[in-house]
Amino acid sequence: GAGLIGTSIGLALAKSGIDVILQDASPASAALAVDYGAGREPKPSDSPALIVVCVPPDITASVIATELAAFPGAIVTDVASVKRPVMEWLRANVSALELERYVGSHPMAGRERGGAISGRADLFVGRPWVIAASDLTSSQAISLVQDLALDLEAAVISTTPSNHDRAVALVSHVPQLVSSLLA
């Protein structure tokens with residue numbers, strides 16, 4: 001995805017000289033992110049080592065499954081704000097062997113606006129990046145995603161998918177609900 005998070009990851013990595021491939025369901029979003037210098041369009045010969053799924057939570061699991069199947073040599077992570085439902089869906093629909101290459105993660109960063117136009121290379125600097133791997137995830141996969149977060153100058157925090165979701169609900173969703181009710 002080439003929204004705020006995907007574009008920001010791309011901008012930071014491209015700035016470091018890393019070849020970033022961008023893909024988005026919206027050709028306009030992908031083109032804008034490419035124009036900003038966040039990466040390039042995919043080629044049929046691409047064989048990524050790491051895939052970062054930056055799509056809405058309701059389609060995160062299915063996109064992860066698609067990427068795991070399409071690129072059997074790649075580690076796949078995501079940036080969704082929920083982890084347990086994604087992992088439950090994957091456990092029911094993806095082989096345990098493929099799940100060794102999946103690492104749930106969640107950068108705790110954002111802006112008041114979304115989309116590629118709001119992307120910033122420094123969005124993750126000093127911000128927590130939660131690694132919520134499962135018991136099936138390989139240590140190599142976890143290390144690669146930790147390296148990604150560190151390359152983006154984020155602070156890595158490790159936890160379980162369930163603990164992540166409880167913490168995010170307390171820190172993010174409950175205050176949002178309360179403020180919405182008071183409005």
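Which residue in S2 is the bridge partner of Ile51? The legends below, written for a predicted model, begin with the overall fold and return to this pairing in the second view.

**Figure 1. Overview of the predicted model, with its seven helices and five strands.** From the N terminus on, the elements follow the order α-α-β-α-β-α-α-β-β-α-β-α. The protein has 183 residues, and buried residues make up 39% of them. Among contacts with a separation of 6 or more, 70% are accounted for by residues 24 or more positions apart.

**Figure 2. The open sheet and its edge strand S1.** Five strands form this sheet in the order S1-S2-S3-S4-S5, and their pairing is mixed. S1 and strand S5 (155–158) are the edge strands, each of which pairs on one side only. On average, neighbouring strands of the sheet are turned by 25° against each other, direction ignored. S1 and strand S2 (residues 75–78) run parallel and are joined by four bridges. Within this pairing, the bridge partner of Ile51 in S2 is Val76, and that of Val52 is Thr77. In a regular strand, side chains alternate between the two faces of the sheet.

**Figure 3. Strand S3 and its partners S2 and S4.** S2 and S3 run parallel and are joined by three bridges. Thr77 has Val103 as its bridge partner in S3. S3 also pairs with strand S4 (residues 128–131), here in the antiparallel sense and over three bridges. In that pairing, His106 stands opposite Val130 in S4. Why is S3 described as largely enclosed by the rest of the structure? The reason is that six of the six residues of S3 are buried. The burial concerns both faces of S3: Tyr102, Gly104 and His106 are buried on one side, and Val103, Ser105 and Pro107 are buried on the other.

**Figure 4. The largest pocket and the residues that line it.** Rolling a probe the size of a water molecule over the atoms shows where empty space is left. The largest pocket of the model has a volume of about 1,400 Å³. Its lining comprises 47 residues, of which Gly1, Ile51, Val52, Val53 and Cys54 are the closest to the centre of the pocket. At least two lining residues are supplied by each of helix H1 (4–15), strand S1 (50–53), helix H3 (57–70), strand S3 (102–107) and helix H6 (139–151). Which element contributes the largest share of the lining? That share, six residues, comes from H1. Sorted by class, the lining has 29 nonpolar, nine polar and nine charged residues.

**Figure 5. Glu41 in the loop between helix H2 (27–36) and S1.** Is Glu41 buried or exposed? Glu41 has a relative accessible area of 54% and is therefore exposed, since the cut-off for that class is over 50%. Leaving aside neighbours within four places in sequence, Glu41 is in contact with Ile21, Leu22 and Val34. From C-alpha to C-alpha, Glu41 and Gln23 are 6.7 Å apart in space, while 18 residues separate them in sequence.

**Figure 6. Gly110 in the loop between S3 and S4.** The relative accessibility of Gly110 is 36%, so this residue counts as partly exposed. When residues up to four places away in sequence are not counted, Gly110 touches Leu4 and Leu123. Gly110 and Leu4 are 106 residues apart in sequence, yet their C-alpha atoms are 7.5 Å apart in space.

**Figure 7. Glu153 in the loop between H6 and S5.** Most residues other than glycine have a negative phi. Glu153 has a positive phi of about 65°, although it is not a glycine. With 52% relative accessibility, Glu153 counts as exposed.

Methods:
Residues numbered from 1 in each chain as written. Predicted model: local features only at pLDDT ≥ 70, side-chain atom pairs only at ≥ 80, totals over all residues. Heavy atoms only, no water. 1 Å grid on protein atoms, 1.4 Å probe; cavity = no way out; pocket = protein on both sides within 12 Å on 5 of 7 lines; lining within 4 Å. Points joined across faces, edges and corners; volume = space filled by probe spheres on them. Nonpolar A, V, L, I, M, F, W, Y, C, P; charged D, E, K, R; others polar. Pairing = 2+ DSSP bridges. Axes fitted to C-alpha atoms, helices over the stretch in contact; angles between N-to-C directions. Buried < 20%, exposed > 50% of the residue type's maximum accessible area, 1.4 Å probe, protein only. Contact = heavy atoms within 4.5 Å.
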